[in-house]
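Colleague: Please put the model up, and I will ask about it piece by piece.

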Amino acid sequence: MATKGFGAPQQPKKPRDKVPKDASTACVCGSGKAYQDCCRHYHDGTRFAPDPVALLRSRYSAYAYRLPDYIMATTHPDHEDYKPAKDKAGAKAWQQSLLNFCDAYTFQGLQPGALELEDDGAVAFLNFTAKVNALSQRLQFVERSKFLCGGDGRWLYVSGDADFTPEVLLESGQFADEDQP
Ligand SMILES: [Zn+2]
């Protein structure tokens, strides 16, 4: 019954991420920059994303790289999913739901639209198109996101804009084995 025990995983404190081992790899956010020159600064906490576009890109790459804590840290308390860290059970459930999302898709690309600033630059709206693949379908969705800039100059994601009707485009049949007549 005894095993040598090597490779027996310790219970990790943080979820296993998918950050590129070679940080000179192109960042998945689509900026064209290497990860080490792009979203890594924000993911490792050495810098705040300086504007909503950088925040959107870094949240997208955090989904792709399985970094739920970053997504949680950059979500505004007004967001419907938000749970403060002191709500340990709530925060853990939120983290798990983010991990489930990360694991259900592969992330194929992000196209931010034009940035719209309001209220002297403290509120931002940003349309974007994100491409993700699920196991059996390709999914592309369009969202209009709202961001708020706090007094410390730090941007947080608040919500999808309720007045915006998202399109969900399914390219069905691309992966199916269909009998041709
Ligand atoms: Zn990036």
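Colleague: How many of the residues of α2 are buried?

Modeller: This is a predicted model, in which local features need pLDDT of at least 70 and side-chain atom pairs count only at pLDDT 80 or more, while totals for chains, interfaces and linings use all residues. Residues are numbered from 1 along each chain as its sequence is written. Helices (H or I, at least four residues) and strands (E, at least two) are DSSP runs, numbered from the N terminus; a residue is buried if 20 or more other C-beta atoms, placed from the backbone, lie within 10 Å of its own, exposed if 12 or fewer, and partly exposed in between. By that count α2 is mostly covered, the number buried being 13 of its 13 residues.

Colleague: In what order do the elements of the chain run?

Modeller: The chain holds four helices and five strands. Read from the N terminus on, the order is α-α-α-α-β-β-β-β-β.

Colleague: Is L110 buried or exposed?

Modeller: L110 sits in strand β1 (residues 106-118). Its contacts (C-beta atoms, placed from the backbone, within 7 Å), leaving aside neighbours within four places in sequence, are C29, G30, R57, Y60, F128 and A130. Because 21 other C-beta atoms lie within 10 Å of its own, L110 is buried.

Colleague: What separates the C-alpha atoms of L110 and Y60?

Modeller: L110 and Y60 are 50 residues apart along the chain. Their C-alpha atoms are separated by 7.6 Å.

Colleague: What is the phi of D119, and where is D119 found?

Modeller: Most residues other than glycine have a negative phi. D119 is not a glycine, yet its phi is positive, at about 50 degrees. D119 is exposed, because it has 9 other C-beta atoms within 10 Å. Its place is the loop between β1 and β2.

Colleague: And what is the phi of D120?

Modeller: D120 is also in the loop between β1 and β2. It counts as exposed because it has 7 C-beta neighbours inside 10 Å. Its phi is positive in a residue other than glycine, near 55 degrees.

Definitions and conventions. Two residues are in contact if their C-beta atoms, placed from the backbone, lie within 7 Å.
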